[in-house]
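Me: Could you walk me through how to read a few features of a model like this one? I have it open and would like to go feature by feature.

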Amino acid sequence: MDFKRWRWRWVLVLIGVVATSASETKHQVVSRIAFGSCSNQSAPQPIWDAIINFHPHIFIWMGDNIYGDSKRPFKIFGPERTIGPWKNIPRFFPSSQQEMEAKYREAKTSPGYSKLREKAEVIGTWDDHDYGLNDAGKEFSEKVTNQMLLLDFLDEPQDSPRRKQAGVYVSYTYGPVGRDIKIILLDTRYHRDPIGSDGTILGSSQWLWLEQELKGPATATTLIVSSIQVISNLTAATRPLFAMESWARFPKERDRLFKLIADSKRNGALFISGDVHFGEITRYDCALDYPLYDITSSGLTQSIEEVVPPSLRFLVRFIAWLTPSTMRVKSQNCRYKACIYGKPNFGAIEIDWDSRPVTMKIEVRDVDGIPVAGVNVSLLELQNSNVEAWNKVKARQYQRHCSLETSLPWIIRYRLAILFFSTLVVLFIVLLGLAYAIIKLACCGVSKHKND
């Protein structure tokens with residue numbers, strides 16, 4: 001029995017050594033970070049000019065760096081039905097390795113992105129479309145091959161530990177003590193259980209690695225990169241119309257993540273995320289002894305407003321405003337009232353290391369580099385030492401960021417669905433009325449003709 005216990009301890013130690021090796025420390029001071037997601041390699045990409053003009057020291061890919069999978073057209077009828085309750089074939093399907101390589105090559109040689117690579121360090125993780133299949137998790141059979149393709153795209157050295165581990169998670173630390181920033185890139189695909197299972201997102205080896213990273217040496221701030229949203233749970237308010245992937249779909253995993261950060265006593269932690277084809281800033285005030293922010297930037301080319309005609313984009317903004325969110329940061333800094341930006345965008349973080357206290361300007365910016373949402377955060381606010389003061393502020397000012405979307409009254413939580421189905425019922429009644437009126441007029445016309 002003792003032998004078995006010691007054997008497993010050594011196994012865990014060896015796993016920890018392998019996991020920890022997939023980290024890098026660099027001494028350069030980083031004060032400007034740009035990040036983005038959801039870039040279709042075949043679409044126009046004017047946003048790179050705005051990112052370059054921001055002069056980032058680092059650019060972070062958060063996933064969907066290419067759209068590597070293929071998709072069939074929308075079909076309601078016929079032998080291959082891709083939508084509706086009677087669909088019989090998936091809309092998305094994997095591309096071949098040669099097709100994936102060609103798409104990565106097209107993305108990497110884009111003039112704007114090529115220029116950015118000359119001026120900034122590029123790091124990143126992946127999401128479903130560059131993983132190889134929409135909404136895919138650990139069951140996807142091509143993940144080993146596609147991991148190498150992503151790492152080639154990111155110019156990862158051939159002897160990198162990332163090429164030997166299961167998944168693309170990694171961490172980097174930049175800057176000297178007092179001006180250091182730790183960037184943790186998670187892999188939310190390689191080990192993820194099916195949606196709805198409330199299983200794991202990260203898998204056991206990545207959880208062990210993340211615990212070591214968070215409980216390691218302190219840094220002034222820690223940026224945790226997740227390809228899917230961590231704090232927002234809009235699916236709770238958009239069902240049954242549509243759903244989005246997020247950590248909130250795996251509530252046990254999200255609670256575990258928050259608890260791990262809290263137990264680590266790590267100061268200055270915040271999230272950045274992508275995936276959803278719009279930009280927003282959310283926060284949660286009841287996970288730690290300081291507020292947790294999640295800055296979502298999506299996408300560089302793909303966005304919810306781009307898929308509808310310009311004349312109907314006001315409807316997208318109205319729906320965004322109508323969809324309730326207890327976590328979204330709403331302020332005068334937002335371009336639109338809903339504080340959701342549904343056009344191409346990128347994220348920007350600017351740290352003023354010389355100010356006292358050190359401040360961070362966190363923004364979502366448009367294709368011209370103009371902020372469309374933003375907050376200014378002092379690193380002093382993101383400290384465990386200010387528990388008593390923070391609790392007073394939280395109780396007075398930010399209680400709305402402590403209630404999850406799932407706790408909303410049902411009539412508010414489902415008001416989008418209620419409006420949608422009510423509109424359908426009204427339209428159906430109107431159509432029935434029109435049909436009845438037409439039939440009535442026709443009958444009257446026939447009767448009059450007979451009488452004549």
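Me: Where does Val-426 lie?

Reply: Helices (H or I, at least four residues) and strands (E, at least two) are DSSP runs, numbered from the N terminus. Val-426 lies in helix H13, residues 415–451. Please keep in mind that this is a predicted model: local features need pLDDT of at least 70, side-chain atom pairs count only at pLDDT 80 or more, and totals for chains, interfaces and linings use all residues. Residues are numbered from 1 along each chain as its sequence is written, and side-chain values use heavy atoms, with hydrogens and water left out.

Me: How many residues of strand S11 are buried?

Reply: Buried means under 20% relative accessible area, exposed over 50%, and partly exposed in between (1.4 Å probe, protein chains only). In S11 (residues 280–284), five of five residues are buried. Glu-280, Thr-282 and Tyr-284 are on one side, with Ile-281 and Arg-283 on the other, and both faces are covered.

Me: Which strand is joined to S11?

Reply: Two strands pair if DSSP finds at least two bridges between them. S11 runs antiparallel to S12 (residues 292–296), and five bridges join the two. Across this pairing, Arg-283 stands opposite Tyr-293.

Me: How many bridges join S13 to S14?

Reply: Seven bridges join S13 (residues 346–352) to S14, and the strands run antiparallel. Ile-349 faces Ile-362 in S14, and a hairpin of six residues connects the two strands. S14 (residues 359–365) is itself mostly covered, with five of its seven residues buried.

Me: Which residue in the turn between S14 and S15 has a positive phi?

Reply: That is Gly-369, at about 85 degrees, in a hairpin with five residues between S14 and S15. These strands pair in the antiparallel sense over seven bridges, S15 covering residues 371–378. Lys-361 stands opposite Asn-376 here.

Me: How many aromatic pairs are found in the whole structure?

Reply: Rings of Phe, Tyr and Trp (its six-membered ring) pair if their centres lie within 6.5 Å; planes under 30 degrees apart count as stacked, over 60 as edge-to-face and the rest as tilted. The search finds 17 pairs. For Trp-61 and Phe-153, the ring centres are 5.8 Å apart and the planes at 55 degrees, so this pair is tilted. Trp-61 is in strand S3 (residues 58–61) and Phe-153 in helix H6 (residues 143–153), so the pair ties together parts 92 residues apart in sequence. Trp-61 counts as buried at 1% relative accessibility, and Phe-153 is buried at 2%.
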